[in-house]
Amino acid sequence: MKRRDFLKILAATPGVAAFSCSDQEDAERIAAQRQATSDADLTWTKAPCRYCGTGCGVEVGAKDGRVMAVRGDEASPVNRGLLCVKGYHLPAFLYGEDRLLYPQLRDGDGWKRISWDEALDLVAAKYQETLDQHGPEAVAIYGSGQWTVFDGYAASKWFRGGMRSNNVEPNARLCMASAVTGFMTQFQSDEPMGCYEDFEVGDDFIMWGNNMAEMHPVLFSRILETKRNKPGTRIIDLATRRTPTSDYADMYVEFTPGSDLALANGIMHLLLRSGKVDRSFVAENVVFKRGIEDLDQIGYGCYGENAERYTFKDKPRDSSFAELEAFLADYTPAKVSEISGVPEGQIRALADIYGDSGRGTVSLWCMGVNQHTRGTWMNNLITDLHLLTGKISRPGANPFSLTGQPSACGTVREVGTLAHRLPADMVVMKEAHRAKAEEIWGLPAGTIPPKPGYHTMDMFRAFMRGEVKTMWVQTTNPWVTIPNLHRIDRKPGDGRFVVVSDIYPTPTTEIADLILPAAAWVEREGVFGNTERRTQHWHKAVEPPGEAKEDAWQIVEVAKRMGMEHLFPWPEDDWHEPMYEEYRSFTLGLGKDVASYAQLEQTRGMLWPVVDGKETRYRYAAGHDPYVKKAEGVHFYKAKGYGEKAAVWLRPYHPPAEVPDDEYPYWLCTGRILEHWHTGSMTRRVAQLHQAEPGAYVEINRADASELGVKSGDRVRVVSRRGNVELPARVDGRGKPPRGSVFVPFFDEGRLINRVTLDAMDNISKEPDYKKCAVRIERA
Amino acid sequence: MRGTYRTGLIPLLLLCLACSGPPEGTVDVPGREGAVKTTAVKRAERRAYDGAPPVIAHENFQLDCTECHDLEGMEIDDVGFAPPSPHEKTMGMSATARCRQCHVFSATDDVFIANTFAGLRQDLRKGQRLNPLAPPTLPHKAFMRENCTACHSGPAAREEIRTDHPERPRCRQCHVPVTTRETFVRGAT
């Protein structure tokens, strides 16, 4: 804008005379920088947020090939215009100065730029060589819940249908695999039955180890609004440390780490004793199951003979209500209080809440329950509480697991990128499921191998043993996130080949042999599926920088170079919609029906199952779910193996794998914080987010700090049997751990807390436990 | 002191004005001797782009934000004027309940990696008017900005957008948001 034009605007502006001289100069300078661009000058498109599993709708404003702003999408039923601080700062994560722009091949201690053709040829050659020499168990691809539906579908189809390998895994194994096995063991179908509307309709919101105020802030805002509008709404915070969520709780229940198993059983004990079980609901809709309960048979996944590969398989058997009564007899309030440290009065209060048939109860959980050495069991027990009281598949009464990644549901769970899964709840172990996939994919019978691939923990161990020779990592940062990182210390030149596709340099790209630049978020077309079964689509808004390409394109191009072009028979300039519609064909008629591509383009997403163009807010519920033919009540129609009923599982308390002792007297819990998402590779490049929390720290209880002679800001060393990390101490920060307990966030690649954590894991989901191990604190 | 418009830092400011004008990053408030407000540049520095939530401009006082940033704002001795919250009633999302899920403190001026993001800047043009005497339309969305007077009235208001009729409380009966650029077409659906 020319100076005189600006002055004309100012001159035409009433009140301009009120400008002070210096302010007028400032205003002029600002206006001149951007030529007085207004909202209306940007091109606005819709997209889901890039970060957590909430799936907030954003409007993305772009001009001249650059994203310049976002707005919370007021038309989105998820967030109704509100975002959190990460969401408001989305545009800046695209523009860190160190964006990866070109394929780079390791060259001694450095890197050399190569062309895409050279890079893709090399990846194809490495995979082919490995297949020829070592077979399909020696190849692997490791993605994430940030893979779009396209990325995950391309990876799964290429691996299972092209290379005949099930070594496809996502980082979601570290995140919500226990929720998958929880839902699958109880409903024989994954994902919650409720939706976000539960947050307005429910009366009591029980957070099981879930710091929702920081991890799902927009959803927490919906609950707070309900609390404001509907007096009597209650938030119950069950936790092992006080968090910002606790500040809003009507009751804060602090339990000893790992004792939530006992607490849930204790609540059930009281429900049975007080006659608050909905016997008619149970008789009509529920079966009872038990599995292996012997601690010695189960173990914790990574010790002794199981240190390299853990292959526990549960043996379910039928049980009964009478057995449940006998099983729970031991979980008296006194005993549960002794195990958990929770006062008996609070245990009784929790039983009263779950047992009050006049109030809607919503249980919420995320990593505290999932990253647990008995994560599947905890998922089972929380859902048991709802099944026993009939508080399920009703508006405002549901067990509701929350996810941490934008498409952990849409891609990992629905497309099926866990090593044993196929789309729409199908698994590679079942012949009929493989046959259906082979039919849709146009492949000969017997193409897909029946043996599940390596789960994440085993995959990386197999890689370190040299059994996995070629691995491709996309959209994730395992050399920060794998627990007990020492076990995967890697130096290139070890005869293996690691390809890493990412948007920025990370500790994972540092150990790679080949780096491929990826297009991020709205630099490409995408589909994500959020926590409430909402599938959301976005169009590309800007071109990616340099030569960056979307992950799915990278996979397809390598597959073509390996002679597997038949897997991706779509036009090079128009493959998103046909690929999605092929994937969608897996879901139709099964109660997993995702919306059509055309519907996704026109809406702010739709909740599956989508039948006759209509979404479903409450699964299994008469009057809501089109697959339910009953006039009223619920029908768990997916659970064919249980007579179309849901399963209540009897699951005992087991102690954690490692507990504090004289040598390591503190519990260590790790997790996320509001400002940074996961390993911080995106959020740390946003000035406002970095400047809010520039580095990791260790939260210490005030009394412990006093005993240790430590005050906020002092450097301390957190030491476990596996390693140590030096961190600044923080006393009375946003989180307040109880005595004998510390917390460290994991976003800081310079202070790797996963060099300290334990790689014990859940017996069924194979998800590791990042929430419980023993450490000591030393002054640094 | 709640509801008063005596701007803080006055003793310090008068001292500064006596020699070299207002402190860096501030300008004087016309017609209010001794009062200062931040410059347009400073305002922009606190936001990633126009429309982004500003970072918190002061240290952590360990108080609920709305104790000072209420619907009127208040003067805080030795700190300055705490502007009112513009979020009056963002229905359904409890926008005023958890300020710090959107507004964060700055613990450092350092950056992890430099960033080339160039965000949308404040549009200093006014809303459209039918004629010079007609009320202008809203040049921005009203969502999360329901309390018009937070920005358009009082000591925190920038001069260029300050209303000359703060006594009229129902702004939206004359100033309406523009929701579409299209014009009316008969028969269009």
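Hi everyone. A definition before we start: two strands count as paired if DSSP finds at least two bridges between them. Keep in mind as well that what you see is a predicted model.

Let's begin with the sheet in chain A. Which strands form it, and in what order? There are 5 of them, running β10-β9-β8-β13-β14, and together they make an open sheet with parallel pairing. At the edges sit β10, residues 251-254, and β14, residues 398-401, each of which pairs on one side only. On average, neighbouring strands here are turned by 15° against each other, direction ignored.

Now let's zoom in on one pair from that sheet. Strand β8 of chain A covers residues 204-208, strand β13 covers residues 361-365, and the two pair in the parallel sense over 5 bridges. If you'd like one bridge to find on screen, take F205(A): its partner in β13(A) is V362(A).

Staying in chain A, have a look at helix α18, residues 408-416. How many of its residues are buried? The count is 9 of 9, so to speak a mostly covered helix by the definition of burial, 20 or more other C-beta atoms within 10 Å. Among them are C409(A), R413(A) and E414(A). What do these buried residues pack against? Their neighbours are helices α5, α6 and α24, together with strands β7, β18 and β19, of chain A.

Finally, over to chain B. This chain has 3 helices and 4 strands, and from the N terminus on they run α-β-β-α-β-β-α. Of the 189 residues in chain B, 32% are buried. As for contacts between residues at least 6 apart in sequence, 57% join residues at least 24 apart.

Terms used:
Residues numbered from 1 in each chain as written. Chains lettered and ligands numbered in written order. Predicted model: local features only at pLDDT ≥ 70, side-chain atom pairs only at ≥ 80, totals over all residues. Axes fitted to C-alpha atoms, helices over the stretch in contact; angles between N-to-C directions. Buried ≥ 20, exposed ≤ 12 C-beta atoms within 10 Å, placed from the backbone. Contact = placed C-beta atoms within 7 Å.
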